[in-house]
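Hello,

Here is the structure I promised to hand over. Please have a look at it first, and then read my notes below.

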Amino acid sequence: SDEYIFANEACFKQASQNARPAVSNLKSSPLTGQPSIIISHPVVSRSGKVTSVVLAELRLDRIEQLRNAVQFGKKGHSAIVDATGKVVAHGNKEWVREMKDLAHLPVVAKVMSGETGVTEFYSPFLKTDMVAGYTTVPELGWGILVPQPRSEIEEQVWSLVSKHFFWAAVCTVFAMLLAVAFARWITAPINQL
């Protein structure tokens, strides 16, 4: 009754039927109860027949290290969701532990449908409006999201715009002074005449 049958794993069945490696979505580990991913790899005979399947359980530590390396601004971060919308890696460790389902968020729904792009959404984690770049990893159906608070982006845009206005004003004043000096240089001999 407590025995777990790995042959019932969807990724086991995919590997044995397709003779290609497969990866599960996020699931509770049958061994530790922690969130994990199961990877299957078929062992193929010389005749091309799958003779067995090797299964391995992947901890999420390395995925979290990769996710944590991608950050934007002060509160910008990255998140990884599986093909069902469950959190694989996120700045909110509790969401990862409980395998929080974010499929209801429009940006996650777009990722789950295979889209890539930029969108705005409300973040229940930071409780603010966000702008997110997102893409799908086609081989897995997983999604990678890189949201940043809209206020930070607006701040950066206004900083750039104000710098451009400053330099435009400096250049305009310089051009006007140059035009006046040039006009005087040209009109001085005419005035003498």
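A search of the whole structure turns up 0 disulfides, a disulfide being counted when a pair of cysteine sulfur atoms lies within 2.5 Å. In general terms, a disulfide is a covalent bond between the sulfur atoms of two cysteines. Cys11 counts as buried because its relative accessibility is 1%, while Cys171, at 48%, counts as partly exposed. Here buried means under 20% relative accessible area, exposed means over 50%, and partly exposed is what lies in between (1.4 Å probe, protein chains only).

Before you go further, please keep in mind that this is a predicted model, in which local features need pLDDT of at least 70, side-chain atom pairs count only at pLDDT 80 or more, and totals for chains, interfaces and linings use all residues. Residues are numbered from 1 along each chain as its sequence is written, and side-chain values use heavy atoms, with hydrogens and water left out.

**The overall picture**

The protein has 5 helices and 9 strands. From the N terminus on, these elements follow the order α-β-β-β-β-α-β-β-α-α-β-β-β-α. The radius of gyration is 28 Å, well over the 16 Å that the globule rule gives for 193 residues, so the protein is more spread out than a compact globule. Helices (H or I, at least four residues) and strands (E, at least two) are DSSP runs, numbered from the N terminus. The radius of gyration is taken over C-alpha atoms, and the globule rule is 2.2 Å times the number of residues to the power 0.38.

Taken along the principal axes, the box that the C-alpha atoms fill is roughly 110 × 45 × 25 Å. Of the 193 residues, 27% count as buried. The accessible surface comes to about 12,700 Å², and 61% of that belongs to carbon and sulfur atoms; the areas come from the Shrake-Rupley method with a 1.4 Å probe, and for residues only the protein chains shown count as cover.

**Around Arg67**

Arg67 is the residue I would point you to in helix α2, which covers residues 61-68. Is Arg67 buried or exposed? With a relative accessibility of 4%, Arg67 counts as buried. Its side chain makes a polar contact of 2.7 Å with the side chain of Glu64. A polar contact is a pair of N or O atoms within 3.5 Å; within protein, one must be able to donate a hydrogen and the other to accept it, and residues adjacent in sequence count only if both atoms are side-chain atoms.

Glu64 also sits in helix α2 and is buried at 17% relative accessibility. Setting aside residues within four places in sequence, Glu64 is in contact with Ala89, His90 and Lys93.

Ser78 belongs to the loop between α2 and β5 (79-81) and is buried, at 3% relative accessibility. A polar atom of the Ser78 side chain lies 2.6 Å from the backbone oxygen of Arg67. Beyond its neighbours within four places in sequence, the contacts of Ser78 include Val70, Leu145, Val146 and Pro147.

As for Pro138, its C-alpha is 18 Å from that of Arg67, and the two are 71 residues apart in sequence.

The whole structure holds 2 aromatic pairs. In one of them, the rings of Phe166 and Trp167 have centres 5.2 Å apart and planes at 75°, so this pair is edge-to-face. Rings of Phe, Tyr and Trp (its six-membered ring) pair if their centres lie within 6.5 Å; planes under 30 degrees apart count as stacked, over 60 as edge-to-face and the rest as tilted. Phe166 is partly exposed at 49%, whereas Trp167 is exposed at 54%.

Most residues other than glycine have a negative phi. Ala19, which is not a glycine, has a positive phi of about 55°. It lies in the loop between α1 (10-18) and β1 (22-23) and is partly exposed, with a relative accessible area of 35%. Met99 has a positive phi near 55° and is found in the loop between α3 (93-97) and α4 (106-112).

Best wishes

Conventions
Contact = heavy atoms within 4.5 Å.
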